[in-house]
Amino acid sequence: MRRTFKLGEEIIREGAWGDSIYVIRRGAASVELAGTGSRAIVAELGPGDVCGDMAFLEQGKATAAVIAKDEEVGVDEINTRELGEILEAFPRLASRFYRSLALILVQRLRATTRELGREMALRDRRD
């Protein structure tokens, strides 16, 4: 289903059950973690990026919020229950789908590792 979110609206609410996967089609969004009085932006998303996939894989709650960062952010929303039914009916499609999700997660982990390495190097220079 095609959906549009306005600037500042939550595409995914942190802590909500992961009942959909979203593909950003137009605009930008940020992945944010709530702190004790502020929010930390941990990633920026744009066209072609996927969100909601971790909650889908874990069949659990979203670990972060995804917030629309443009006047209008267009997404394709895929209901996880319906997606599960399709993947059960088409095992070859399921294999390709899960491989694609694995590659997305690998790319995110590499980016996080690079960022952590940069932060550690900066800290070492200050000490």
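Is E32 buried or exposed? At 6% relative accessibility, E32 counts as buried, where buried means under 20% relative accessible area, exposed over 50%, and partly exposed in between (1.4 Å probe, protein chains only). What we have here is a predicted model, so local features need pLDDT of at least 70 and side-chain atom pairs count only at pLDDT 80 or more, while totals for chains, interfaces and linings use all residues. Residues are numbered from 1 along each chain as its sequence is written, and side-chain values use heavy atoms, with hydrogens and water left out.

**The sheet with β1 and β6**

- Start with an open sheet of 4 strands, ordered β1-β8-β3-β6 and paired antiparallel; strands (E, at least two residues) and helices (H or I, at least four) are DSSP runs, numbered from the N terminus.
- At the edges stand β1 (2-6) and β6 (50-51), each with a single partner strand, so one side of each has no neighbour in the sheet.
- Between β1 and β8 (residues 72-79) there are 5 bridges, in the antiparallel sense; two strands count as paired if DSSP finds at least two bridges between them.
- Across that pairing, R2 has D76 in β8 as its bridge partner.
- On to β3 and β8: they pair over 6 bridges, again in the antiparallel sense.
- Y22 stands opposite E77 in β8.

**The sheet with β2 and β5**

- There is also an open sheet of 4 strands in the order β2-β7-β4-β5, with antiparallel pairing.
- Its edge strands, β2 (10-12) and β5 (39-45), each pair on one side only.
- On average, neighbouring strands of this sheet are turned by 35 degrees against each other, direction ignored.
- Inside it, β4 (residues 29-34) and β7 (residues 65-68) are joined antiparallel over 4 bridges.
- Our opening residue turns up here: the bridge partner of E32 in β7 is A65.

**Helix α2 and T80**

- Helix α2 lies across β3 (20-26) and β8, running at about 50 degrees to β8; axes are lines fitted to C-alpha atoms, for helices over the stretch in contact, and angles run from 0 to 180 degrees between N-to-C directions.
- T80 belongs to α2, which covers residues 80-89.
- With 14% relative accessibility, T80 counts as buried.
- Set aside the neighbours within four places in sequence, and T80 is in contact (heavy atoms within 4.5 Å) with G18, D19, S20, I21 and F56.

**Salt bridges**

- Side chains of opposite charge can pair when their charged atoms come close.
- The structure holds 10 salt bridges, each a side-chain nitrogen of Lys or Arg within 4 Å of a carboxyl oxygen of Asp or Glu.
- E32 takes part: its side chain meets that of R39 in a salt bridge at 2.9 Å, N to O.
- While E32 is buried at 6%, R39 is partly exposed at 39% relative accessibility.
- R81 and E85 also meet through their side chains, at 3.2 Å, N to O.
- Those two are 4 residues apart in helix α2, which means about one helical turn separates R81 and E85.
- R81 is exposed at 53% relative accessibility, whereas E85 is partly exposed at 47%.
- In a further salt bridge, the side chains of E115 and R118 meet at 2.9 Å, N to O.
- E115 and R118 sit 3 residues apart in helix α3, so they are separated by about one helical turn.
- Both ends are partly exposed: E115 has 37% relative accessibility, and R118 has 48%.
- Then there's a network: R2, R25 and D76 are linked by salt bridges.

**Helix α3 and the surface**

- L93 is found in helix α3, residues 91-126.
- At 40% relative accessibility, L93 counts as partly exposed.
- Together with I86 and F90, L93 forms a nonpolar surface patch with about 280 Å² of accessible area.
- Such patches are made of residues with over 30% relative accessible area and no salt bridge, with nonpolar side chains (Val, Leu, Ile, Met, Phe, Trp, Tyr) joined within 5 Å and like charges within 9 Å; the areas come from the Shrake-Rupley method with a 1.4 Å probe, and for residues only the protein chains shown count as cover.
- R125 also lies in helix α3, and it counts as exposed at 65% relative accessibility.
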